[in-house]
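Work through the exercises below with the sequence and the model at hand. Each task is followed by a solution in steps.

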Amino acid sequence: MKPFDRRILQAVPTTRRAVTVLGVIGAAQGVATIGTAFALAALVVAVVRGDPLPAPAAWTAGLFVLRALLSGIAEHLAARAGALVATSLREQLIDAWLQRPVDERPSRERALTLAAQGTSAVEPYIAKYLPTLIAAAVVPALAIGCLVVIDWPSALVVVLTVWLLPLFAALIGATTQEDTDRRWVALTELSGHFLDVMRGLPTLVAYGRAERQVSVIEQVSHRHRRATMRTLRLAFLSAAALELLATISVAIVAVLVGLRLTTGSMDLLVGLTAILLAPEAYWPIRRVGTEFHSAADGVAALEDILAELGEPLVPGHGEGPQSEPSSGYSPCLDTHDDGAVRVAGIRYTYPGATRRVLDAVDLVADGGLTVITGPSGVGKTTLLEVIAGTRRPDAGSVCAPAVHLVTQRPFLGAGTLQANLTLEGPQDPQRLWWALRETGLDGVIAALPTGLDSPLGDDGFGLSAGQRARLVLARALLSPAPVILLDEPTAHVDPDSAATIGDVITRLAVTRTVIAVSHQPDLIERADTRLELTAPAMVSR
Ligand SMILES: Nc1ncnc2c1ncn2[C@@H]1O[C@H](COP(=O)(O)OP(=O)(O)OP(=O)(O)O)[C@@H](O)[C@H]1O
């Protein structure tokens, strides 16, 4: 585990400015700390000798106020930088994953842990650990420099002992690395399992199996708790070891100064200043050791997050960074921007599967309605996902402009109806109501007490299956994409709703290219082009 990972400066450029500002403030804090030692020593000496107090007292008070101000500003900036970095990493992760085909995205539990706890764990790394690291680089050097000038024997003791602190911290850090990694794995398992249980809870309750999950979650939580306690034990142990070492070193300086003061070979002002300066050479390094443990999760998370962000993106439909294509797959080289979808010789096999789902599939859709039919499991959904760019074929080529894909289980999140309709961006209220009128939802929504501001539960809870289908169709109408892909748009809806949806799709196909997967005779009837998918012969990869 490195004390500082420079890659974060490249991944989140705002960190660069925060680190620079914090560095400048850290240096100012160092100067103020050293100044306080001098002023305090002068004040004590003035009291002992009966000299006038106002000047040293004013300096001491002024420097204490300055230090408090600087530390307040530093803490505020560090907390802000931490929140900014966490948000930026979260956005970058989600962007990076969305640009990859689904087969190359991380597992659900890994994605959840990295985007939620992982990015949050980076906050203490930026907000606490980094400023401490900067202070540790500045303050001890300044303190030792001043000691060299005012009392070289004290400086010698500090120089001979201070390096032991980072050495001990590094040794303890190396021991905790394994524990932190183990804790991180336990946390990923816990999140993944919890997510699965939450998603499957209605089914588990229906089959009377929900109670069993309590003990499974208890076991996973217990593993995570044990790993956390081990890390905490090591953190306390390491803090105590560094504290002891620093205290002994400062005591040596104090004893040497005391001996020289009693023999009269040292001035009281110099001796007192040396005793006050010596701890300043140790405490910032000691604090690095302590903060290192609270930021350890952040360091482990940062490793994983930067690895995810560093992974090359796969070629899309002509745009975005390019990586090595898999054998036989040709990225779209078509420069026509005519809104047409051109699929040629597509082959696709699911990772780990032996059977090819799509084999030499061709399709050209240039405006109008194309309906894909075929028996269940033949690969209709897979073809839509290949056109949408969420799956990369093993061979062939796909050319398509921006598409809006309505899956069989479209995303409807907890939030207002308006928020669910405007996922792609804000919309003019008139356009929103036009889309609702088109899909026959205007009456239902206008009758709700809070209209478009009415809350919707997760997965569209609160609407009927037909209303959900029409809501996601309204969302497709509002999308600016020239190509709309619909997977079974009339599944689970009554004949009246199916007819309304059919009419909307027909009107939509006048201005855009619509490709729909359907078994519904009425919709198949309306198609300008039909593609009947047949199961490929049993071919292995
Ligand atoms: N994630 C996956 N991993 C492995 N195999 C999969 C995966 N998703 C689908 N399949 C398999 O790929 C084949 C095609 O699935 P697909 O969903 O594309 O079929 P479909 O024609 O849309 O079926 P339906 O009409 O029932 O919706 C099926 O045999 C299915 O079992």
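**Exercise 1.** How are H4 and H9 oriented to each other: parallel, perpendicular or oblique?

*Solution.* Start with the ground rules. This is a predicted model, in which local features need pLDDT of at least 70 and side-chain atom pairs count only at pLDDT 80 or more, while totals for chains, interfaces and linings use all residues. Residues are numbered from 1 along each chain as its sequence is written.

Step 1: get the geometry. Helix H4 covers residues 108-150, and its axis packs against that of H9 at about 125°, at a distance of 8 Å. Helices are DSSP runs of H or I with at least four residues, strands are runs of E with at least two, and both are numbered from the N terminus. Axes are lines fitted to C-alpha atoms, for helices over the stretch in contact, and the angles run from 0 to 180 degrees between N-to-C directions.

Step 2: classify. Under 35 degrees is roughly parallel, over 145 roughly antiparallel, 65 to 115 roughly perpendicular, and the rest oblique. H4 and H9 are therefore oblique to each other.

Step 3: list the contact. H4 contributes Leu-114, Gly-118, Thr-119, Ala-121, Val-122, Pro-124 and Tyr-125; H9 contributes Asp-297, Gly-298, Val-299, Ala-301, Leu-302, Asp-304, Ile-305 and Glu-308. Contact requires C-beta atoms, placed from the backbone, within 7 Å.

Step 4: sort by class. The contact of H4 with H9 has nine nonpolar, three polar and three charged residues. Nonpolar covers Ala, Val, Leu, Ile, Met, Phe, Trp, Tyr, Cys and Pro; charged covers Asp, Glu, Lys and Arg; the others, Gly among them, are polar.

**Exercise 2.** Describe how H3 packs on H9.

*Solution.* Step 1: helix H3 spans residues 54-99 and helix H9 residues 296-310; they pack at about 40°, with axes 9 Å apart. That makes H3 oblique to H9.

Step 1: find the hand. H3 passes H9 in a left-handed crossing. Left-handed means that the near helix is turned anticlockwise from the far one by less than a right angle; clockwise is right-handed.

Step 2: name the partners. Leu-89, Gln-92, Leu-93 and Ala-96 of H3 meet Ile-305, Glu-308 and Leu-309 of H9. By class, this contact of H3 with H9 has five nonpolar, one polar and one charged residues.

**Exercise 3.** In which hand does H2 pass H4, left or right?

*Solution.* Step 1: helix H2 (residues 14-49) packs on H4 at about 40°, with the axes 8 Å apart. That makes H2 oblique to H4.

Step 1: the crossing of H2 with H4 is right-handed.

Step 2: check the classes. The contact of H2 with H4 has 15 nonpolar, six polar and no charged residues. Among the H2 residues that meet H4 are Val-19, Leu-22 and Ile-34.

**Exercise 4.** Is Val-257 buried or exposed?

*Solution.* Val-257 is in helix H7 (residues 210-263).

Step 1: count. A residue is buried with 20 or more other C-beta atoms within 10 Å of its own, exposed with 12 or fewer, and partly exposed in between; C-beta atoms are placed from the backbone. Val-257 has 23 such neighbours, so it counts as buried.

Step 2: look along the chain. Val-257 and Ser-154 are 103 residues apart in sequence, yet their C-alpha atoms are 7.7 Å apart. Beyond residues up to four places away in sequence, Val-257 touches Ser-154, Met-266, Gly-271, Ala-274 and Ile-275.

**Exercise 5.** Examine the positive phi values of Ala-360 and Glu-488.

*Solution.* Step 1: recall the background. Most residues other than glycine have a negative phi.

Step 1: take Ala-360. Its phi is about 55°. Ala-360 sits in strand S3 (residues 358-365). It has 12 C-beta neighbours inside 10 Å, so Ala-360 counts as exposed.

Step 2: take Glu-488. Its phi is near 50°. Glu-488 lies in the loop between strand S9 (483-487) and helix H15 (495-511). With 21 C-beta neighbours inside 10 Å, Glu-488 counts as buried.

**Exercise 6.** Which residues surround the ligand?

*Solution.* Step 1: list them. They are Tyr-350, Ala-353, Val-357, Gly-374, Ser-376, Gly-377, Val-378, Gly-379, Lys-380, Thr-381 and Thr-382.

Step 1: sort them. The shell holds four nonpolar, six polar and one charged residues.

Technical notes: Near = placed C-beta within 6 Å. Contact = placed C-beta atoms within 7 Å.
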